[in-house]
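Please look over the sequence and the model before reading on.

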There are 2 protein chains.
Amino acid sequence: MTTILTPDTTRARLRNEQAILEAAEQVFACHGYRGASVQAIAEAAGLPKSNVLYYVGSKRQLYVTLLERMMGRWNAMLDDISVDDDPAEVLEAFIRSKMELTRSHPQGSRLFAAEVLQGAPFLQTYLRGELRDWVDARARVFEQWAEKGLMDPVDPVWLIFLIWSSTQHYADFEAQVLSITDRDVLSEPDYRNITDFLCRVILKGCGVRRASSET
Amino acid sequence: MTTILTPDTTRARLRNEQAILEAAEQVFACHGYRGASVQAIAEAAGLPKSNVLYYVGSKRQLYVTLLERMMGRWNAMLDDISVDDDPAEVLEAFIRSKMELTRSHPQGSRLFAAEVLQGAPFLQTYLRGELRDWVDARARVFEQWAEKGLMDPVDPVWLIFLIWSSTQHYADFEAQVLSITDRDVLSEPDYRNITDFLCRVILKGCGVRRASSET
DNA sequence: GTCTATATACTGATAGAC
DNA sequence: GTCTATCAGTATATAGAC
């Protein structure tokens, strides 16, 4: 079948693909892989079910594409550190960038949560490989900081999980947070306040003196 | 239809109902409400699908029953506090009991997470009522402690969410934790270490002096 | 109480008209 | 490229034999 790719058809294709990805991220995040239906994704994207499958191949491929997109965002956040860096600066940047990921991509964060909740069948190799190595490397630096007296000798892995969990919470449990605080949405000032709170409590809790106090 | 309730039939009924609840909690926790199938629950319980529906009425009723059971466990943990209590003792007990709920009921914790992840459609009234009131009451006590100089003036609601999220993490993200730390399970000593870590960091982070240091 | 059989709706995916 | 029609499979739920 010959198809003339006019600018219009290309633009339409891009627009449809984008709409599908956004819709699918929302539906997968809400109902998980099994609970999501192609029909629901198609309706959310404003397209017939067949078109969705035409564009993305299969439900499974669509899910993998979305997970890869989210892990890409995640990796973009994971910069390397060294013993010579300032603990306060690094930890604060760590908390802030993780929270910014939650704030800017709540659906993707929830998608990730749903995937891990079902035992992370699609992410095993990533978690046991790339991400474990990254955690181990960072943990060693934390330990060296503790040896140099720059922070308390806390278990570095539990510390990393503390930062991940406390920030991730505002995506995954957004419904609970909104219900309890009687809000419709979490505003940018809300996110700023929460982030400042987490930086303050976690850094102090680890015995790290903050680099500067203007926030 | 007349049925003679011998001790055996009663015992069988109880055993089956128990098996169904356990199996359903696992399947709903893993795949969410929509992603769970009665068939999968029946297989996990070792019963024919029809029997499951005979016992529990419908998938929806089964789900509600499980949520109610979990909220019962949750409420059993929520003891009241007053300004005259010791902040260190109360906060530490809060963290420890929340972590103990995670440890003893990981499936229930994940079930709760999956429910909130989909927007908490079944738990709206609970979250906006009972639980919000409980949080508000506790928040007021935290604020009074801060006024009396017993702890830093941190936002009490973010503090409660910090405790919930950092403990809940070890149920919801168990797959990630196990992959990264290269474990098959989280042992009781692991849970003790994590709990000690969280008590130490969070209490210190809020400027609360710990009551005793023997743990 | 427990099972088989089945009703009805929906699932992911595809074939083929346009 | 986009749609309708349809496939085989599975979903929840129930009716009725035993």
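## The surface near DNA strand C

H1(B) is the biggest contributor to the surface near DNA strand C, giving four residues. The model is predicted. In total, 21 residues lie around DNA strand C. Those that come nearest are Ser37(A), Val38(A), Ser58(A), Lys59(A) and Ser50(B).

By class, the surface near DNA strand C holds eight nonpolar, nine polar and four charged residues.

## The surface near DNA strand D

DNA strand D has 20 residues around it. The closest are Ser50(A), Ser37(B), Val38(B), Ser58(B) and Lys59(B). Chain A supplies at least two residues from each of H1 and H3.

Which element gives the largest share of the surface near DNA strand D? That is H1(A), with four residues. The residues near DNA strand D comprise eight nonpolar, nine polar and three charged.

## The contact between chains A and B

The contact draws 45 residues from chain A and 45 residues from chain B. On the side of chain A that touches chain B, six helices are listed as each supplying at least two residues: helix H1 (7-35), helix H6 (106-117), helix H7 (124-147), helix H8 (156-172), helix H9 (174-181) and helix H10 (188-205). H8(A) provides the largest share, eight residues.

What classes of residue make up the side of chain A that touches chain B? There are 24 nonpolar, 14 polar and seven charged residues.

## Helix H6 of chain A

H6(A) supplies at least two residues of the side of chain A that touches chain B. Its length is twelve residues. From first C-alpha to last, H6(A) reaches 16 Å, close to the 16 Å expected at 1.5 Å a residue.

H6(A) is mostly covered, with ten of its twelve residues buried. The buried residues are Gly108(A), Ser109(A), Arg110(A), Leu111(A), Phe112(A), Ala113(A), Ala114(A), Glu115(A), Val116(A) and Leu117(A). Just after H6(A) comes Gly119(A), with a positive phi of about 95°.

Technical notes
Residues are numbered from 1 along each chain as its sequence is written. Chains are lettered from A and ligands numbered from 1 in the order in which they are written. This is a predicted model: local features need pLDDT of at least 70, side-chain atom pairs count only at pLDDT 80 or more; totals for chains, interfaces and linings use all residues. A residue is near a molecule or strand if its C-beta atom, placed from the backbone, lies within 6 Å of it. Ala, Val, Leu, Ile, Met, Phe, Trp, Tyr, Cys and Pro count as nonpolar, Asp, Glu, Lys and Arg as charged, and the others, Gly among them, as polar. Two residues are in contact if their C-beta atoms, placed from the backbone, lie within 7 Å. The expected span of a helix is 1.5 Å times one less than its number of residues. A residue is buried if 20 or more other C-beta atoms lie within 10 Å of its own, exposed if 12 or fewer, and partly exposed in between; C-beta atoms are placed from the backbone.
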